[in-house]
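Hi there,

Here is the structure I promised to pass on. Have a look at it first, and my notes follow below.

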Amino acid sequence: MKREVTIQEALTELAAAKIEIESMQQQLVLKDKLLSSKDEKITLQLFTINQQKEELKQKDEEIKSLKSDNNSKDLKILGLEERLRTQMSYRFGSHSEKLFEQWLPLFDDLDDFPENELLTNEELEELKEENVLVKAYKRRKCGRKKIDENYERIPIYHDIPESEKICGCGAKLVKVGEKVTERVNIIPERIYVEQHIYPVYACRKCEGSGDEDHPVFRQAPAAKNIIPKSIATPGLLSYIFINKYCNHMPYYRQAQNFERKGIDISRATMDKWQLEVYEKIKPLENVLMKHLKTGKVLNMDETTCRILNYENGNKDRKKSYIWLAHGGPKNKKVVVYRYFESRSPKYIRPFINGFKGWLQTDEYPGYEAALKEHELLYPKDKIIHIACAAHIRRKFYDALLNGKSKGSAKAIKYIQQMYHEENLLREKNLSDAEFVVKRREIIKPIMDEFYDWMIKTQPKVPASFKFGKALKYAIDAWPHLMNYLDCPEIYLDNSVSERSIRPYVLSRKNFLFSASEDGSRSTCLLFSLIECAKIHGIKPEEYLSSIFELAADTTDWTDSNWSELLPWNIKLIQKSDVSTVLIA
């Protein structure tokens with residue numbers, strides 16, 4: 001039932017409702033303000049959170065950058081430590097690689113080592129101690145070795161006095177044997193002066209008027225000498241050159257030695273004699289170079305030299321180069337040294353132009369450049385380039401001892417397996433065809449496995465590390481090294497040329513430089529002759545002396561005459577004891 005309301009009551013209720021509505025509106029405004037304030041706080045908090053996120057992101061990036069910097073610095077420190085160890089080892093340590101010439105495993109659990117993990121000092125010492133193998137050898141008998149039978153024996157008797165040769169019974173003692181002991185004695189080199197005497201003849205009766213076809217005074221023609229009007233004999237020249245290039249005695253030391261013996265031969269005189277001898281026997285250079293290219297195999301190497309006075313007056317050049325080649329037929333090998341002003345590939349041309357066969361060198365890029373040029377100019381004279389396993393091993397050896405890389409030990413193991421199998425095959429004395437077949441059958445699988453391992457390992461190793469550099473060098477050289485499998489005359493390494501160039505390096509440490517480029521050229525020819533003599537088992541001093549004796553008069557000589565001076569053709573001149581000699 002509806003209640004009746006008066007107008008006054010309605011107005012009162014309406015006013016009350018209005019007041020309530022206004023109150024509610026005020027509450028709503030307050031709530032809106034509160035919500036707005038909360039929204040602002042939330043917005044501020046979100047802004048703060050976003051800022052913190054950005055800061056955290058920046059800090060994360062900074063941390064990553066710092067970690068990256070630390071890693072790069074760690075790598076740099078390791079690289080510098082490698083370099084320091086290398087320099088210390090080079091200056092104060094042994095350079096020999098004999099420690100790892102065995103093919104047996106260096107560690108039993110080597111395959112479990114991470115390739116980029118480094119050896120500790122204790123592990124490195126353990127490796128050195130555990131893997132020093134002595135090759136099998138025939139045990140030498142105890143006691144003193146017998147003195148060479150080729151030496152002259154001078155008997156010296158030590159007899160008892162005659163009074164002691166009577167027995168107590170009155171009978172005379174009879175010799176029933178003798179005891180012989182030997183001692184070695186040395187008489188210093190004998191120096192003497194050759195007096196060349198030329199008797200002069202004339203006719204006392206007619207004083208030459210009765211025989212106008214001949215001079216009044218007659219005498220034998222002057223004896224030919226390789227250096228005319230000089231006191232130097234072939235023996236003296238040979239002695240001087242052998243002392244310098246075999247015994248590594250510079251001329252100034254020899255001059256001092258001669259002075260102590262009362263002979264005046266200056267350093268300048270010896271220099272002059274060397275150049276004069278070089279001019280006289282210079283055609284031997286071409287004969288040796290021609291013979292060098294008659295074989296199937298050529299081994300080459302090069303080393304630096306210093307010149308004081310260049311022919312073109314160049315004073316800026318710091319060093320020049322001595323190039324060496326070892327080649328020729330199997331039983332008539334020769335070694336040729338040549339001087340050139342730089343290491344440019346163009347200086348390889350004189351050695352390979354006219355040659356076809358196998359060329360073994362290190363991985364100096366100049367050889368490959370010269371071979372590419374040769375292939376374009378002489379397509380019929382094919383030359384196959386072969387790398388040197390010893391250079392590859394040397395890189396890993398350096399990474400093992402100075403870089404302390406465990407992976408390098410495994411690489412050396414592979415290489416030594418190759419050497420071991422190669423030596424076993426050569427001991428069987430197979431024919432060339434059988435040898436190549438067996439070599440491919442036995443050694444090629446080892447090489448393939450080694451190469452696959454290097455390819456898998458390389459991405460894990462920093463390129464700046466010694467191990468990384470060794471891997472890159474080996475992988476780059478691998479196609480050239482594989483070529484060795486097809487040539488029976490080629491060995492795994494280029495040691496034959498390195499052994500030949502070593503005498504020059506030893507001498508260079510003593511004489512340091514050459515005064516002129518001609519001086520270096522003459523040095524190269526003398527070294528060539530000396531090393532050729534060594535290869536063929538001839539005493540270098542006898543070989544040089546015989547050459548100087550036979551080449552005293554080379555008028556009208558051809559290449560055929562010069563070829564007679566090569567080691568397998570020459571008739572060595574044996575010097576007899578000094579006495580008065582009559583030459584008819």
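To start with a detail: which residue forms a salt bridge with lysine 146? The partner is glutamate 149, and the closest N and O atoms are 3.0 Å apart. Both lysine 146 and glutamate 149 are exposed.

Please keep in mind that this is a predicted model. The chain has 584 residues, of which 35% count as buried, and contains 16 helices and seven strands.

The salt bridges come to 21 in total. Another of them pairs the side chains of glutamate 311 and arginine 521, at 2.7 Å from N to O. Glutamate 311 sits in the loop between β2 and β3 while arginine 521 belongs to helix α14, so this pair ties together parts 210 residues apart in sequence. Glutamate 311 is exposed, at 55% relative accessibility, whereas arginine 521 is partly exposed at 23%.

Then there is glutamate 422 with arginine 439, whose closest N and O atoms are 2.8 Å apart. This bridge ties helix α10 to helix α11, because glutamate 422 lies in the former and arginine 439 in the latter. Both glutamate 422 and arginine 439 are buried. Salt bridges with shared partners also join Asp159, Glu162 and Lys165 into one network.

Enjoy exploring!

Best wishes

Notes
Residues are numbered from 1 along each chain as its sequence is written. This is a predicted model: local features need pLDDT of at least 70, side-chain atom pairs count only at pLDDT 80 or more; totals for chains, interfaces and linings use all residues. Side-chain values use heavy atoms; hydrogens and water are left out. Helices (H or I, at least four residues) and strands (E, at least two) are DSSP runs, numbered from the N terminus. Buried means under 20% relative accessible area, exposed over 50%, partly exposed in between (1.4 Å probe, protein chains only). A salt bridge is a side-chain nitrogen of Lys or Arg within 4 Å of a carboxyl oxygen of Asp or Glu.
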